[in-house]
Amino acid sequence: MSGVGPSAVTTRSAAEYRIEDLAHASGATVRTIRAYQDRGLLPTPERRGRANVYRDTHLARLRQIADLLDRGYTLASIKELLEAWDAGRGLGGVLGLVAEVHGPWTDEQADRITRDELHAKFGGVQDDQAVAEAVELGVLERIPGRDDEFLVPSPQELSVAFELHAAGVPLTAISGHLRELRGQVEHIASRFLEFTTEHVFARYLGHRPPTDADAAEAASLVRRLRPLAQQTVDAELARAMRTFATRHLQHHLGADTPLIPGPSTSEPRSVPLPPETIQAVQRLVGPQNVAAFVAAATEREVHARTLDALATSHLESRRIGQNG
């Protein structure tokens, strides 16, 4: 068997290994192999004289354990999976689910960039501290043996940094913003997973480990639900940006610059609200902020409806022009 040391003995049916040979072939250490044996993760080796004899089944098991560890599984959960497999329940569906969850969650392809290209994109100034911070954040990844080149997991994210810097945003502010944004997005991802697990995946993942059929069905659902989180965030971000961008623009242009067309009135007008509505707003923002909250909510709704009407009118005009 290729890659096995000279002390491995090949029989008519399978290769045999001493523990040192198994460590060499698998990449694990002798100490790790013995620890796996003590935990029950490896089948008991054959005792021959004073030595233990291992076979290809042990090598395959070590590679499975390494793969699952790389995917974030604990040794305890790996033991459960392997015991289910040994009991004849199968691991095809479970490993398929593992692969589906561990796979890419975006169509974006990683790219590479040289150190010189990176400095040129950021105005030609060499900033090793900024590069180190980008590596820490995972925006860049070092390539072993290549000090002058980096892997870019998300070219789109790096491109945003280029554009913000070109617009005048300091690199320290960009990295600080990314740290803050990442924490908020991770919270959104965590909540989405809790939500879908409670209402969708709990019925398939109730067994530990799940049956082969349930794991396969869960993997299929992951494929279907994968884009929903991003679509929801995109829609809500667009709505929030529309609201706050309009408000910020009005603030910077001044209160005398109307952004919403329509008749103006110099006299304020009282509008009665149900008592339960007032009480709900008081609980939310406090009695002293009720008027400001109602005004801001009304302003946001007017802005949204005006922008929607403009967009609808534009699309309708285009359709009429195309049909006419």
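Visitor: What makes α1 and α3 count as being in contact, and which residues meet?
Guide: Contact means that heavy atoms lie within 4.5 Å, and on that criterion Leu22, Ala25 and Ser26 in α1 meet His58, Leu59, Leu62 and Arg63 in α3. Sorted by class, this contact has four nonpolar, two polar and one charged residues, where Ala, Val, Leu, Ile, Met, Phe, Trp, Tyr, Cys and Pro count as nonpolar, Asp, Glu, Lys and Arg as charged, and the others, Gly among them, as polar. The model is a predicted one, in which local features need pLDDT of at least 70 and side-chain atom pairs count only at pLDDT 80 or more, while totals for chains, interfaces and linings use all residues. Residues are numbered from 1 along each chain as its sequence is written, and side-chain values use heavy atoms, with hydrogens and water left out.

Visitor: Why are α1 and α3 called oblique to each other?
Guide: Their packing angle is about 45°, with the axes 10 Å apart; axes are lines fitted to C-alpha atoms, for helices over the stretch in contact, and angles run from 0 to 180 degrees between N-to-C directions. Angles under 35 degrees count as roughly parallel, over 145 as roughly antiparallel, 65 to 115 as roughly perpendicular and the rest as oblique, so α1 and α3 are oblique to each other. The crossing of this pair is right-handed; a crossing is left-handed if the near helix is turned anticlockwise from the far one by less than a right angle, and right-handed if clockwise.

Visitor: Which residues of α1 are called buried, and against what do they pack?
Guide: Buried means under 20% relative accessible area, exposed means over 50%, and partly exposed lies in between, with a 1.4 Å probe and protein chains only; in α1 that label falls on Ile19, Asp21, Leu22, Ala23 and Ala25. These buried residues of α1 pack against β2, α2, β4 (51–55) and α3. After α1 comes Gly27, whose phi is positive, near 90°.

Visitor: What makes a group of residues a nonpolar core, and which residues have the most contacts inside the largest one?
Guide: A nonpolar core is a set of buried Ala, Val, Leu, Ile, Met, Phe, Trp, Tyr and Cys residues joined through side-chain atoms within 4.5 Å. The largest such set has 19 residues, and Tyr17, Leu22 and Ile33 have the most contacts inside it. Two or more residues of this core come from each of β2 (15–17), α1 (19–26), α2 (30–39), α3 (56–70) and α4 (75–86). Apart from this core lies another of 15 residues, including Ile113, Leu118, Leu137 and Leu178.

Visitor: Why is the pair α7 and α9 called roughly parallel, whereas α8 and α9 are called oblique?
Guide: Helix α7 (residues 128–137) packs with α9 at an angle of about 10°, their axes 11 Å apart, and therefore α7 and α9 are roughly parallel to each other. On the α7 side the contact is made by Ala130, Glu133, Glu136 and Leu137, and on the α9 side by Leu171, Ser175, Leu178, Arg179 and Arg182; these residues divide into four nonpolar, one polar and four charged. Helix α8 (residues 155–166), by contrast, packs with α9 (residues 171–199) at about 140°, with the axes 10 Å apart, and therefore α8 and α9 are oblique to each other.

Visitor: How do you know that Asp148 is partly exposed, and what does this residue touch?
Guide: Asp148 has a relative accessible area of 41%, so this residue is partly exposed. Asp148 is found in strand β7 (residues 146–152), strands (E, at least two residues) and helices (H or I, at least four) being DSSP runs numbered from the N terminus. Leaving aside neighbours within four places in sequence, Asp148 is in contact with Ile113, Thr114 and Arg115. The C-alpha atoms of Asp148 and Arg115 are separated by 5.2 Å, although the two residues are 33 apart along the chain.

Visitor: What makes Arg247 partly exposed, and which residues does Arg247 touch?
Guide: The relative accessibility of Arg247 is 31%, so Arg247 counts as partly exposed. This residue lies in helix α10 and, not counting residues up to four places away in sequence, touches Ala296, Glu299 and Arg300.
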